[in-house]
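Here are a few exercises to work through with the model open beside you. Try each one before you read its solution.

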Amino acid sequence: MEKLEIVNEIREQGFIVLTNFLSGEYVDKINDRLEKYISERHDGVAMEDDGETLRALHGLHLYDGFFLSLCANEKLLSLAESYIGEQCYVHQFKINVKKALKGQAWPWHQDFVFWQKGDGIERPQLLNIGIMLHDVSMLHGPLCFIPGSHKLGDLCEKMVEHTAWESDISSQLSYQVNGSTIETLLYEKDVKFITGSAGDLILFDPLLVHSSSGNLSPKDRPLLLITYNAVSNAPTISPGNSRPEFLCASDNSPLTATCEGF
Ligand code: SIN
Ligand code: MN
């Protein structure tokens, strides 16, 4: 598929899935690296509500050059730059592991509000690129999108008052689409469950309304997510007052593409 077609589809629907984008070999490499990374115990780790099940890891590209070079991979970076329309840096990098049987849900929300309110990012000129690290069926708690909802603007409200950074990624997200708004949307629009195979790529707009349910399967559902932002749209909240580096990048210099990898 041509880059322009991909960009147009995201503009129209708010997302696109590119199947078999990464080779099985390269996905194995990422999974091996992830296992090692978890054992090294870096900052940026969030737990599920039980306090002992790993929910998500953040900022891996800050601590491990392998993940940084993945962000700079020419195939990914050029998609991000085409959609965003200029040079980009990585604002966030995370892996939501959604552990077997214990991984919890993500309520209906849009992502942009967290970067706008939390980091002072002014425009929704960002793109999420997700990589499925395992096969994902309905039982695994796949991402669920409302196609076209990115055109409706900011629909989120502060739902839960928290102080810790973990609240921006817990199952009780601080900003969510409120009950009556989401009810109306769900009556009016279809939803799309993003099931697929390891190595599939998911691109989605920061205003797309999405959620996912808990993992009911006996296997983990690791999803790697890179959020690219336009260099001209960098955070306006100074690093001293902002969220931790692993949630809000302070280095906003443009990435240079590399060709190694998949
Ligand atoms: C997200 O909303 O950013 C991720 C949801 C998921 O991992 O299912
Ligand atoms: Mn989200």
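**Exercise 1. Work out how well covered helix H6 (residues 112-119) is, and say what covers its buried residues.**

Step 1: count. H6 is mostly covered, with 6 of its 8 residues buried. Buried here means under 20% relative accessible area, exposed means over 50%, and partly exposed is in between (1.4 Å probe, protein chains only). Helices (H or I, at least four residues) and strands (E, at least two) are DSSP runs, numbered from the N terminus.

Step 2: name them. The buried residues of H6 are Phe112, Val113, Phe114, Trp115, Gly118 and Asp119.

Step 3: look at the cover. It includes S4, S5, S6 and S8, along with strand S9 (175-177) and strand S13 (223-230). Contact means heavy atoms within 4.5 Å.

Step 4: check what comes next. Just after H6, Gly120 has a positive phi of about 75 degrees.

Before going on, some ground rules: this is a predicted model, where local features need pLDDT of at least 70 and side-chain atom pairs count only at pLDDT 80 or more, while totals for chains, interfaces and linings use all residues. Residues are numbered from 1 along each chain as its sequence is written, chains are lettered from A and ligands numbered from 1 in the order in which they are written, and side-chain values use heavy atoms, with hydrogens and water left out.

**Exercise 2. Describe how helix H1 (residues 3-13) and helix H5 (residues 74-84) cross.**

Step 1: get the angle. The two axes come within 10 Å and cross at roughly 55 degrees. Axes are lines fitted to C-alpha atoms, for helices over the stretch in contact, and angles run from 0 to 180 degrees between N-to-C directions.

Step 2: classify it. H1 and H5 are therefore oblique to each other. For the cut-offs, under 35 degrees is roughly parallel, over 145 roughly antiparallel, 65 to 115 roughly perpendicular, and the rest oblique.

Step 3: list the contact. From H1, Lys3, Ile6, Val7, Ile10 and Arg11 meet Ser78, Leu79, Ser82 and Tyr83 of H5.

**Exercise 3. Find which residues of H1 are buried, and what covers them.**

Step 1: pick them out. They are Ile6, Val7 and Ile10.

Step 2: check the side. These residues cover an arc of only 95 degrees around the axis, which puts them on the same side of H1. The arc is that of the directions from the helix axis to the C-beta atoms. An α-helix has 3.6 residues a turn, so residues three or four places apart point the same way.

Step 3: find the cover. It includes strand S1 (15-18), H5, strand S6 (126-132) and strand S11 (201-204).

Step 4: step past the end. H1 is followed by Gly14, whose phi is positive, near 95 degrees.

**Exercise 4. Lys98 and Leu101 have positive phi values. Is each one buried or exposed?**

Step 1: read phi. Lys98 is near 40 degrees, and Leu101 is at about 65 degrees although it is not a glycine.

Step 2: check the surface. Lys98 counts as buried at 2% relative accessibility, whereas Leu101 is exposed, with a relative accessible area of 59%.
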